[in-house]
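Visitor: I'm new to reading protein models. Could you walk me through this one and tell me where the words come from?
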Amino acid sequence: MNQQNHSYRSILKATGVFGIMQVFRTIISIISSKFVAVYLGPIGIGLVSLLNNAVNIIVAITNFEFLTIATREIALVNGNDKTKSMNKTIALLQKMAVLIGLFGSILSIVFSKTISIFTFGTPNKQYWFILLSIYFFITSLSNARMAILQGVNKIKTLAICNSIAAFFIAIGTIIIYYFLRIEGIIWVMLSSCIILFLVTIYFTRQYSFKIIPFKYNEFYEQSSPIFKLGFFMSLNLIFGQICNFVIKIYLNDAGASSQVLGYYEVSSVILINYLGLIFNAMTYDFYPKLSSVNEDNKKIKQLVNNQIEIALILITPAIIFLYLATPFLINLLYSHKFYSSFLILKMALFSVILKAIIFPMNYIVLVKGNKKLFFMQALFGDVLNLIFSIGLYKYYGLLGLGIAYFLNYILFAFYIYRIVNKHYDFNFVPSSRKLIAISLLFGVLAIIIIYSLEQIYAYVFISILFILSFLYSLKELNQRINFKEFLIEKMNKNK
């Protein structure tokens with residue numbers, strides 16, 4: 001029980017730390033965006049968006065999802081607690097980072113003219129992509145150092161590192177755009193990657209920087225399995241981006257105006273950015289922990305169930321609250337013209353409860369290093385998303401896009417559970433099953449209320465449902481961590 005209690009508290013602590021970091025970064029991003037909008041105007045913002053899309057495509061092709069696979073490698077060694085092995089792994093990852101960075105740089109230089117024409121319709125920005133070769137190389141080196149912090153699970157250090165980097169990047173962005181305006185776009189990207197690199201170097205300075213002589217056969221033998229896993233993950237990333245691109249093209253051209261695409265984008269931002277706190281914590285904290293016990297299926301089962309329970313406890317009241325707050329949130333962050341986004345979110349918000357169940361299970365195949373299974377599960381999710389989004393939008397409009405989210409997660413949940421149950425003997429413990437059932441019940445009741453009652457009555461009953469879900473989550477959290485004792489310990493520690 002003490003071990004269980006510690007696990008729950010550790011997950012909650014990580015969620016809190018990264019939640020604060022996320023709020024801080026969001027505030028910085030909002031302030032920075034306001035300045036950027038003033039200095040660049042609509043044309044400049046459009047150029048930034050196009051450049052980012054081009055960069056993301058190059059990263060998807062050349063990066064091998066290096067940060068993710070490197071984090072896994074560090075976590076595996078950290079679990080064994082061997083300093084020699086850690087230094088050896090860091091040295092290997094630094095060599096891989098150099099090769100990956102050079103690959104991205106060479107690709108950017110060789111195809112600079114073609115990418116410029118494809119992205120901007122003119123070869124005039126070719127020099128941007130030549131300069132970006134520096135960006136790809138330095139970013140790869142930064143990822144190798146950032147993976148160390150994630151892999152050894154130093155959550156506070158990682159949160160501080162990210163926050164400091166975000167702060168100085170925002171300052172640099174504002175200064176460069178103030179003086180250079182649109183011509184500063186490329187220099188902002190370069191300065192941002194340099195700032196991140198310097199900050200990560202500072203926070204990982206205690207870890208080995210020693211360069212071991214390069215031996216091709218040894219390097220190939222050690223790096224080949226890592227590169228193969230990264231290759232499959234890159235394929236998933238590329239295919240996922242293609243699917244999203246096809247969906248957006250269809251929404252823009254299928255007899256509709258660009259407004260529909262705007263509604264879709266706003267709903268995606270709310271679902272991903274404003275509900276991303278729990279899932280960011282999983283990426284930074286849960287994934288390295290799970291990697292460190294990847295050979296013990298019993299520990300994996302316990303850790304995944306614990307993560308699902310905490311995620312549901314935190315996310316369920318937040319989802320019910322958003323059924324109340326989303327219309328006001330849309331109006332505050334955008335304008336009343338985007339209110340139609342709520343037609344998508346009415347069904348899509350429920351899918352986030354399903355995501356809280358799926359996301360931890362999704363990591364099991366990744367930490368096990370099963371390339372084919374990981375590739376197939378990601379491919380299955382992307383294909384479902386593409387088919388449901390296009391098919392249901394055609395017949396049901398914006399509501400269809402919301403239903404697509406829902407059906408996608410429902411089918412994917414059954415698929416991923418079957419995979420991890422069959423291959424890794426994973427199943428839900430009784431406490432998780434109970435929490436899953438009640439969380440889904442709260443979500444279903446919210447949907448029924450929203451669709452069956454007039455607005456004023458819907459708000460009243462959703463408010464009551466939110467209070468009930470909040471009190472239930474508080475009770476469940478208290479059973480797991482003794483919430484009162486947890487708060488007292490934290491307050492005494494901070495005195």
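Predicted model: local features only at pLDDT ≥ 70, side-chain atom pairs only at ≥ 80, totals over all residues.
Visitor: What span does helix α6 reach from its first C-alpha to its last, and what is expected at 1.5 Å a residue?

Guide: Helix α6 covers residues 155-180, 26 residues in total, and reaches 37 Å from its first C-alpha to its last. Residues are numbered from 1 along each chain as its sequence is written, and side-chain values use heavy atoms, with hydrogens and water left out.

Visitor: What makes something a helix, and how many helices does the protein have?

Guide: Helices are DSSP runs of H or I with at least four residues, strands are runs of E with at least two, and both are numbered from the N terminus. By that rule the protein has 16 helices and zero strands.

Visitor: Why is Arg-181 called partly exposed?

Guide: Buried means under 20% relative accessible area, exposed means over 50%, and partly exposed is in between (1.4 Å probe, protein chains only). Arg-181 has 37%, so it counts as partly exposed. Glu-65, at 24%, therefore gets that label too. So does Lys-299, at 44%, a residue of helix α11.

Visitor: How much of the protein is buried?

Guide: Buried residues make up 50% of the 495 residues.

Visitor: How do you know whether the radius of gyration agrees with a compact globule?

Guide: The radius is taken over C-alpha atoms, and the globule rule is 2.2 Å times the number of residues to the power 0.38. For 495 residues that gives a value near 23 Å, and the protein has 23 Å, so the two agree. Along its principal axes, the C-alpha trace spans about 65 × 55 × 50 Å.

Visitor: What makes a space a cavity, and how many of 30 Å³ or more are there?

Guide: On a 1 Å grid over the protein atoms alone, a cavity is a set of points where a 1.4 Å probe fits but cannot get out; lining residues have an atom within 4 Å of a point. Points are joined across faces, edges and corners, and a volume is the space filled by probe spheres set on them.

Visitor: How do the lining residues of the largest cavity divide by class?

Guide: Ala, Val, Leu, Ile, Met, Phe, Trp, Tyr, Cys and Pro count as nonpolar, Asp, Glu, Lys and Arg as charged, and the others, Gly among them, as polar. That lining has five nonpolar, four polar and no charged residues. The second largest cavity, about 30 Å³, has four nonpolar, one polar and two charged lining residues.

Terms used: 1 Å grid on protein atoms, 1.4 Å probe; cavity = no way out; pocket = protein on both sides within 12 Å on 5 of 7 lines; lining within 4 Å. Expected span 1.5 Å × (residues − 1).
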